[in-house]
Amino acid sequence: MSNPEAGRLSEILARSATRRDFLSRASALSLAIPAASAALTSCAPNGEQRADSAAAKRPPAGAAAGSEDSLFHHNSDSRLDSAVLKGGHAPATSATREAAEHAAAAKYHRYDPTLPPLPSGNRLQVHFHSREAPIRVSDDLVVAGWTFEGDIPGPIVHCRVGDTVEFTLTNESDIPHSMDFHAAQIDPKVAFRSVVEGQSVSYTFKPKWAGIFMYHCGTAPVLMHIGSGMYGAIVVSPREPLPAAKEFVLVQGEYYLGETVNGARPFDYQKMLSTVPDFVTFNGRPNQYIREPLRVKVGDRVRFWVGSVGPQHPCNFHVVGEQFDTVYLGAPPGTPIRGVQTFAVPAGGGMCFELLCDVSGEFPFVNHAFGHGQKGAIGILVVE
Ligand SMILES: [Cu+2]
């Protein structure tokens, strides 16, 4: 989809307002550009991937049994799912019926940044459901979200290095979705494949390294799916516990929003491509930890697990009036650096920051790229 003709036709597709409209245009496109067919069907709105995807899996005449098997069991679209250059033919916005349904009734809640406890054993079962839902992210703002488990971000997962994570995604949405865990080492075209409504994909992994790792939907166009809210974090603690601390998880994400439709502002794909966000948030809500700060006691060690899911921008993490005694460049407890004021967490990355709260006060924690701090990536740590 890199030639100008494909770009122009993709634009037409992006404007397709209805399923029938989309399909007729997609079908015309497939005739015009045969190679574009598979790419286009992988992102058809309203789950129309099913038939086309099945067709794509049919083995070519004369294919050997082995290749037939692999064609059948592997998602033909999955390699494309991970291709970040497949932009331009996304649905124009995240506005679907489910994403805005009952928007006015959506309740605000603070996203709890506390690191959840570790599982008692060495196995962790995680079952997520992908669904579209309106999410109230402030008193006067509801967004038409594509979510894992009905929230943005999805739930925080916590395990240790070497634990077995048994993961299942069940898709409850019209649109195909998938799950890419950055903490897994696994064949992405199998594990991270897209599933349609009512179907599930399961896989198992054992994280090799400690840290905070992004997870996200990897269905094409990835930008649209991450940008519409399908992201979260898994914290992998080292097997030897780190020093005792109050542990918080902050996932920075950007919002690119269109005008309100049925009470909810949808995520806007063209705006995502512009890379100038309306809001930048910690854990999905602009300024939420100013409204309800994080609270610790004098003498506490605080550990921030900071991830940036982007989709575009890093988080230049800084605590006003404090210094990090330790920032781990790689997997904790390795590669610590000392006495750090600010460190940038790249989009798609995560890092661990520690400070000892030996002074009382109210300490703002910010993305020190202040345009992004001003747009909501800011909170308060109260030391009492
Ligand atoms: Cu998705």
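Me: In what sense do strand 14 and strand 19 pair, and over how many bridges?
Reply: This is a predicted model. In it, strand 14 and strand 19 (residues 361–367) pair in the antiparallel sense, over three bridges.

Me: Which residue of strand 19 stands opposite Val319?
Reply: Phe365 does.

Me: What holds strands of a sheet together, in general?
Reply: Backbone hydrogen bonds pair them, either parallel or antiparallel.

Me: How many bridges join strand 14 to strand 17?
Reply: Four. Strand 17 covers residues 342–345 and runs antiparallel to strand 14. Cys315 stands opposite Val345 there.

Me: Is strand 14 largely enclosed or open, and why?
Reply: Largely enclosed by the rest of the structure, because five of its five residues (315–319) are buried. Buried here means under 20% relative accessible area.

Me: Which residues of strand 14 point which way?
Reply: Cys315, Phe317 and Val319 point one way. Asn316 and His318 point the other way. All are buried.

Me: New topic. What is the strand order in the open sheet of four strands?
Reply: The order is 3-8-7-5, with mixed pairing.

Me: Which are the edge strands there?
Reply: Strand 3 (157–160) and strand 5 (180–181). Each pairs on one side only.

Me: How do strand 5 and strand 7 pair?
Reply: In the antiparallel sense, over two bridges. Strand 7 spans residues 211–216.

Me: And which residue in strand 7 is the bridge partner of Phe181?
Reply: Tyr215 is the partner of Phe181.

Technical notes
Residues numbered from 1 in each chain as written. Predicted model: local features only at pLDDT ≥ 70, side-chain atom pairs only at ≥ 80, totals over all residues. Heavy atoms only, no water. Buried < 20%, exposed > 50% of the residue type's maximum accessible area, 1.4 Å probe, protein only. Pairing = 2+ DSSP bridges.
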